[in-house]
Amino acid sequence: MVLKEEGAAARRHVAENIISLRLKMDPQTIARYLPAPFTPNREGELTVMLADYYGHDEDMVEQAEAAAQFVYPYYTTMQEGLISIPCKFEGKPGNYLAKIWQDRDWGVQRGPMLGYDTELAEVHINRFPGRLRKLYAPHVGSKIKGVVRQNGDNLISGWIELTEEVSYPEEEYMVCYGRRQIEDMLDPEGEKLIDDILIEHHDSEIKGQVFKGIGHLKLGGFMKDWDYEVIDAYYFEIGFSTSGWRVLKDLKQQRE
């Protein structure tokens, strides 16, 4: 199933401010969350990200405008936490998004169709929208914090103290792979109805400020027993437009 044709006009426009904490961990722990056919890109590394999301999804906005004659802000902003694993798919580097927590139900509902394991959670991140930046913007010395809370447990609690402005980190940061699997409701343990690999295709990107800093992190939930070391931390701005997602490989068809 192809969600959008690759050549279509851009329909979704996103700007994000992101806290990115790169961890060194036991490769065997990471391997439990990286399914085949993905392979590790940097052995023993995993990234925790906290993102402040501003978006304009033209399909969603058109529906909202038709119903209410205006765009409800609920559908244009979101905060999320992610567990991202640097990986390769057929030799091409990117990131497998192993887990995503979002504070908007529309984001959570859309996630599985894009190959992402999404759950609803309370998410809070320091925000710097455009008008606020005229008075106060991220700078060396800023401390930017984020938390993902679910059922009374802080799954992710992290912050970064900005120490220097640097260039954009690795290009594959925003290359996101998903594995979409949809089960047969009549046979949940049987073969999946859909099993494929997707990638979000960016028609264009705009890169903003990037800061490196000192990262601090505490994990809870299923991650509470992870033994890790924060090896670097970034806070960066990114904007992109996309015409949708591409199916890179239909694994079910391949087996047939």
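The largest pocket is lined by 20 residues; Tyr-96, Ala-98, Tyr-116, Asp-117 and Arg-179 lie nearest its centre. This is a predicted model. A search of the whole structure also finds 2 cavities of 30 Å³ or more. A nonpolar surface patch is made by Phe-70, Tyr-72 and Tyr-75.

**Largest pocket**
- The volume of the largest pocket is about 360 Å³.
- β5 (92–102) and β10 (176–182) each supply at least two residues of its lining.
- The lining of this pocket has 12 nonpolar, 3 polar and 5 charged residues.

**Largest cavity**
- The largest cavity has about 350 Å³ of volume.
- Its lining has 28 residues. Glu-16, Glu-80, Leu-82, Leu-97 and Glu-200 lie nearest the centre.
- Several elements each supply at least two lining residues, among them β1 (12–25), β3 (45–57), α3 (105–110), β11 (194–219) and β12 (228–250).
- By class, the lining of the largest cavity splits into 16 nonpolar, 7 polar and 5 charged residues.

**Second largest cavity**
- The second largest cavity holds about 60 Å³ of space.
- Residues that line it include Arg-22, Arg-42, Glu-170 and Glu-172. Thr-47, Met-49, Ser-84, Asn-95 and Tyr-173 also line this cavity.
- Its lining divides into 2 nonpolar, 3 polar and 4 charged residues.

**Surface patch**
- The patch of Phe-70, Tyr-72 and Tyr-75 covers about 320 Å².
- Phe-70 sits in the loop between α2 (58–68) and β4 (77–89).
- Phe-70 has a relative accessible area of 46%, so it counts as partly exposed.

Technical notes:
Residues are numbered from 1 along each chain as its sequence is written. This is a predicted model: local features need pLDDT of at least 70, side-chain atom pairs count only at pLDDT 80 or more; totals for chains, interfaces and linings use all residues. Side-chain values use heavy atoms; hydrogens and water are left out. Patches are made of residues with over 30% relative accessible area and no salt bridge: like charges are joined within 9 Å, nonpolar side chains (Val, Leu, Ile, Met, Phe, Trp, Tyr) within 5 Å. Accessible areas come from the Shrake-Rupley method with a 1.4 Å probe; for residues, only the protein chains shown count as cover. A salt bridge is a side-chain nitrogen of Lys or Arg within 4 Å of a carboxyl oxygen of Asp or Glu. Helices (H or I, at least four residues) and strands (E, at least two) are DSSP runs, numbered from the N terminus. Buried means under 20% relative accessible area, exposed over 50%, partly exposed in between (1.4 Å probe, protein chains only). On a 1 Å grid over the protein atoms alone, a cavity is a set of points where a 1.4 Å probe fits but cannot get out, and a pocket is an open set with protein on both sides within 12 Å along at least five of seven lines; lining residues have an atom within 4 Å of a point. Grid points are joined across faces, edges and corners, and a volume is the space filled by probe spheres set on the points. Ala, Val, Leu, Ile, Met, Phe, Trp, Tyr, Cys and Pro count as nonpolar, Asp, Glu, Lys and Arg as charged, and the others, Gly among them, as polar.
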